[in-house]
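Please look through the structure shown here, and keep in mind the matter of how charged side chains can pair.

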Amino acid sequence: MSNFHRHHGCSRCGGRDRHHHGRCQNNIQCGTPTTNPCGLLGPFVAINPDCVVQPRSTASIIPFSSGTVPAVLVTTALGLVGTTSAIGFGTSVPGITISALNTIDLGVLPSEAFVVPREGNITALSASFITTLAFAAATGPTTIRAQIYRAPEGSTTFTATGAFVDLAPPIPAPIAVGAVSTGNGSFAPVPVSVGDRLLLVFSATTSTAVAVTVTGNAAAGITIE
């Protein structure tokens, strides 16, 4: 026990209340100026770890899953992205085309987009894909990408954001049932505003110049804080 604790903690007990086994005899904790163990009065007083209040998390986790409707991802004959699938909350919408500007115009087409209720930032994205159909025509590995597209309030045009992840390992060729690819995104925070709509899209590319169709269960989760 330091001199500080002896003189500034238990000395306040006087001659009748001396330090005994780390405490004053009158149950005033040594080194604490009051009977409140969370007291912070005076210099050089250690903070009781039980008194530290952790900041409340404001992050929300949004889950996605193709559910009973498998995602269907098609590449072009050049191995580039063909048609994609939008993943929702237990279902998916296949056959979605991405423009050369990396946008998706849904118009009145079915949508799996949801509306952002408050401002925040997308700070994390994790995704997985499990093949459910074999495809013997594939001649090279196929890479799956999960990406968030955003449409501002009042618009039906979704633009690709920096929130994406390429899953690994790539789906090997020929494509067999049960191949699993997963990934966790690492990117700068993506700001979103109240009224924005967010759409999760799974797409595929292949390393060889051949059209490939990949069918499977897609799932993901994003963090908005």
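The paragraphs below go from the whole chain to particular pairs of residues.

This is a predicted model, in which local features need pLDDT of at least 70 and side-chain atom pairs count only at pLDDT 80 or more, while totals for chains, interfaces and linings use all residues. Residues are numbered from 1 along each chain as its sequence is written, and side-chain values use heavy atoms, with hydrogens and water left out.

The protein has one helix and 15 strands, where helices (H or I, at least four residues) and strands (E, at least two) are DSSP runs numbered from the N terminus. Of its 225 residues, 37% count as buried, a word that here stands for under 20% relative accessible area, with exposed meaning over 50% and partly exposed in between (1.4 Å probe, protein chains only).

Side chains of opposite charge can pair when their charged atoms come close. How many salt bridges does a search of the whole structure find? There are two, a salt bridge being a side-chain nitrogen of Lys or Arg within 4 Å of a carboxyl oxygen of Asp or Glu.

One of them joins Arg145 and Asp166, whose closest N and O atoms are 2.6 Å apart. Because Arg145 lies in strand S10 (residues 142-151) and Asp166 in strand S11 (residues 157-166), this pair ties together parts that are 21 residues apart in sequence.

Arg150 and Asp196 also meet through their side chains in a salt bridge, at 3.0 Å from N to O. Arg150 lies in strand S10 and Asp196 in the loop between strand S13 (190-192) and strand S14 (197-206), so the pair ties together parts that are 46 residues apart in sequence. Arg150 is partly exposed at 28% relative accessibility, whereas Asp196 is buried, with a relative accessible area of 4%.
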